[in-house]
Amino acid sequence: MIQNSRATRIRRALVLGGAVLGVVSLLAGCVRPVAGTGAAERWNATRVAGLEITTGTSGPRAGVADSRLPVDGSDGGEADRLARNAVDDVQRYWAQELPATFGRRFEPVARLVSYDSTGPGVAICGTGTGGAVNAFYCPADDTVAWDRAQLLPMLNDSFGPMAVVAVLAHELGHAVQFRLGTVDGRTSSIVREQQADCFAGTFIRWVAEGNAPHFQLSTGPGLNQILATLFFIRDGAETGFEADGAHGNAFDRVSAFQFGFGDGPARCARIDEAEVRRRITQPAGGQPSSTGEETGDLPVNDRESLLALQETLRAAFGRSGAAGPAISPSLSACPEVTVTVPAAYCPGTDTVGLDLAELARLGTSPGQGQGGIGDFAAFAEIASRYALAAQHADGFPLTGLATAQRTACLTGVWAATITAGRGAVLQLSPGDLDEAVGEMLAPRSLIAADVNGSGIPSGFARVEAFRDGFTAGASAPCLEKYR
């Protein structure tokens with residue numbers, strides 16, 4: 001939903017369809033009320049947050065005895081078996097980590113409850129469970145509860161069993177908050193949820209390191225599925241960060257998770273109101289367009305839109321007196337490189353070529369039956385090819401995994417230059433950065449690809465590189481880190 005201060009805009013369709021919207025809005029209340037970035041490390045093409053990128057099995061370990069934790073209301077089925085084992089592993093982790101990091105003893109939660117959202121409702125934390133497709137923590141009686149009938153099977157079917165583990169790790173993260181005293185009844189929803197995402201990230205790293213008794217996780221496809229789960233249960237673009245129950249958009253949720261995965265629980269405990277307000281990209285509820293006009297997806301193949309994009313790219317990457325690469329409305333053969341679709345950079349002619357029809361398809365909103373992601377995803381893919389031209393001008397190589405990550409980082413720099421209030425002719429709108437996350441979590445990402453379209457297989461690493469650039473707002477850190 002990029003805004004163009006010089007273009008007429010159309011109304012954007014809601015990203016989330018009925019089924020997904022229902023889950024997102026229900027998960028938005030996962031703590032039931034009762035009446036930056038990580039330290040810089042030298043980048044390595046074979047590692048993610050210090051761990052080797054692996055492609056092995058993710059999910060339950062074979063041949064391991066199931067947990068015997070008592071669960072009220074359980075039907076003894078597969079969903080509850082998965083949830084019980086997940087909670088057991090999460091609590092084992094915190095029994096080790098809370099004393100080691102905070103000098104506090106971890107007490108297991110007092111009660112675990114499984115319920116059927118399609119059956120007769122029962123009262124948990126003062127609220128009926130009928131129709132509640134949810135998982136939540138209740139601080140009043142120290143209970144973690146989950147819907148075994150709809151939520152857990154849907155997560156498992158859509159993203160695999162580790163999605164269930166991640167959601168329950170988030171809920172146990174709330175229990176950790178209250179044990180540490182990092183939140184109380186006055187703490188905003190967004191702070192509670194960002195901190196719980198971060199705590200979940202610390203546990204998931206423990207699993208990826210091979211420490212969990214019941215589960216295993218690859219740092220390639222397995223970790224990608226965890227991030228896809230966070231993308232799925234993000235706040236919609238219409239939800240402001242100040243709203244009751246706000247969790248964060250996909251960009252902010254993934255960022256918090258990555259802080260925990262990369263930096264550990266102490267980093268999570270530093271998430272407070274001030275930290276969130278400095279970092280959060282999700283605007284306040286009801287925030288109007290910075291231009292005072294109606295917002296919507298821009299037609300990516302529109303000449304005026306492309307001219308506005310070119311202006312922002314020149315501002316982000318241009319040198320004084322240099323025109324920058326030409327942008328052509330068609331793709332042409334380029335013998336020295338593989339022509340990528342829907343945008344390609346040809347170093348021989350210093351031209352960014354475009355497949356306008358494919359860009360238009362990519363720029364459509366999800367739910368329109370065209371497989372689109374949104375206008376920002378399409379514009380960002382063009383920006384990534386323009387970033388290659390900037391690297392070429394500075395003498396950097398255009399192939400290899402370092403180039404792919406450097407390109408993602410520089411695309412993040414460009415995105416930072418068009419945030420609302422910067423005066424750019426194109427400006428970010430709520431939900432735009434989520435489109436970038438969605439594109440980078442796909443099997444093929446052009447935002448995080450070299451001139452031939454090759455990139456690192458880790459969606460986690462791609463998003464982290466983009467976030468590096470967005471946070472820095474300048475090219476120099478990208479050129480220094482990814483080389």
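Which residue of E9 is the bridge partner of Arg111? I looked this up to begin with, and found that the bridge partner of Arg111 in E9 is Thr143.

**Ground rules.** I note that this is a predicted model, in which local features need pLDDT of at least 70 and side-chain atom pairs count only at pLDDT 80 or more, while totals for chains, interfaces and linings use all residues. Residues are numbered from 1 along each chain as its sequence is written, and side-chain values use heavy atoms, with hydrogens and water left out.

**The chain as a whole.** I counted 16 helices and 14 strands in the protein chain; these are DSSP runs numbered from the N terminus, helices being H or I runs of at least four residues and strands being E runs of at least two. Of the 483 residues, 56% count as buried, where buried means under 20% relative accessible area, exposed means over 50%, and partly exposed lies in between, with a 1.4 Å probe and protein chains only. The chain exposes about 18,200 Å², of which carbon and sulfur atoms supply 52%; such areas come from the Shrake-Rupley method with a 1.4 Å probe, and for residues only the protein chains shown count as cover.

**The sheet around E9.** I then followed E9 to its sheet, which is an open one of 3 strands in the order E5-E9-E8 with mixed pairing. Strand E5 (111–115) and E8 stand at the edges with a single partner strand each, so one side of each is left without a neighbour in the sheet. From one strand to the next the twist averages 15 degrees. Two strands are said to pair if DSSP finds at least two bridges between them.

E5 and E9 pair in the parallel sense over 5 bridges, and besides the pair I began with, I noted that Ser114 stands opposite Trp146 in E9. E8 and E9 run antiparallel and are joined by 4 bridges; here Tyr137 has Val144 in E9 as its bridge partner.

Is E9 enclosed by the rest of the structure or open? I found that 5 of the 5 residues of E9 are buried, so E9 is largely enclosed by the rest of the structure. In a regular strand the side chains alternate between the two faces of the sheet. Both faces of E9 are covered, with Thr143, Ala145 and Asp147 buried on one side and Val144 and Trp146 buried on the other.

**The turn between E8 and E9.** I saw that E8 and E9 form a hairpin with 4 residues between them. Asp142, in the loop between strand E8 (135–138) and strand E9 (143–147), has a positive phi of about 55 degrees although it is not a glycine, and at 14% relative accessibility Asp142 counts as buried.

**Other loop residues.** I found another positive phi at Asp350, near 50 degrees, in the loop between E12 and strand E13 (351–354); Asp350 counts as partly exposed at 31% relative accessibility. In the loop between strand E11 (326–328) and strand E12 (343–346) I found Pro342, where the peptide bond from Val341 to Pro342 is cis, with omega near 15 degrees.

**Helix H10.** I checked the length of helix H10 (residues 303–317), whose 15 residues reach 21 Å from first C-alpha to last, close to the 21 Å expected at 1.5 Å a residue; the expected span is 1.5 Å times one less than the number of residues. Among the buried residues of H10 are Leu306, Leu309, Leu313 and Phe317. At the start of H10, a side-chain oxygen of Asp302 reaches to within 3.1 Å of the backbone nitrogen of Glu304.

Arg92 is in helix H2 (residues 78–102) and counts as partly exposed at 42% relative accessibility. Leaving aside neighbours within four places in sequence, I found Arg92 in contact, meaning heavy atoms within 4.5 Å, with Trp206 and Pro213. The C-alpha atoms of Arg92 and Phe106, 14 residues apart along the chain, are separated by 9.3 Å.

Last, I looked at Asp432 in helix H14 (residues 432–441), which is buried with a relative accessible area of 0%. A polar atom of the Asp432 side chain lies 2.7 Å from the backbone nitrogen of Ser429.

Conventions:
A polar contact is a pair of N or O atoms within 3.5 Å; within protein, one must be able to donate a hydrogen and the other to accept it, and residues adjacent in sequence count only if both atoms are side-chain atoms. Axes are lines fitted to C-alpha atoms, for helices over the stretch in contact, and angles run from 0 to 180 degrees between N-to-C directions.
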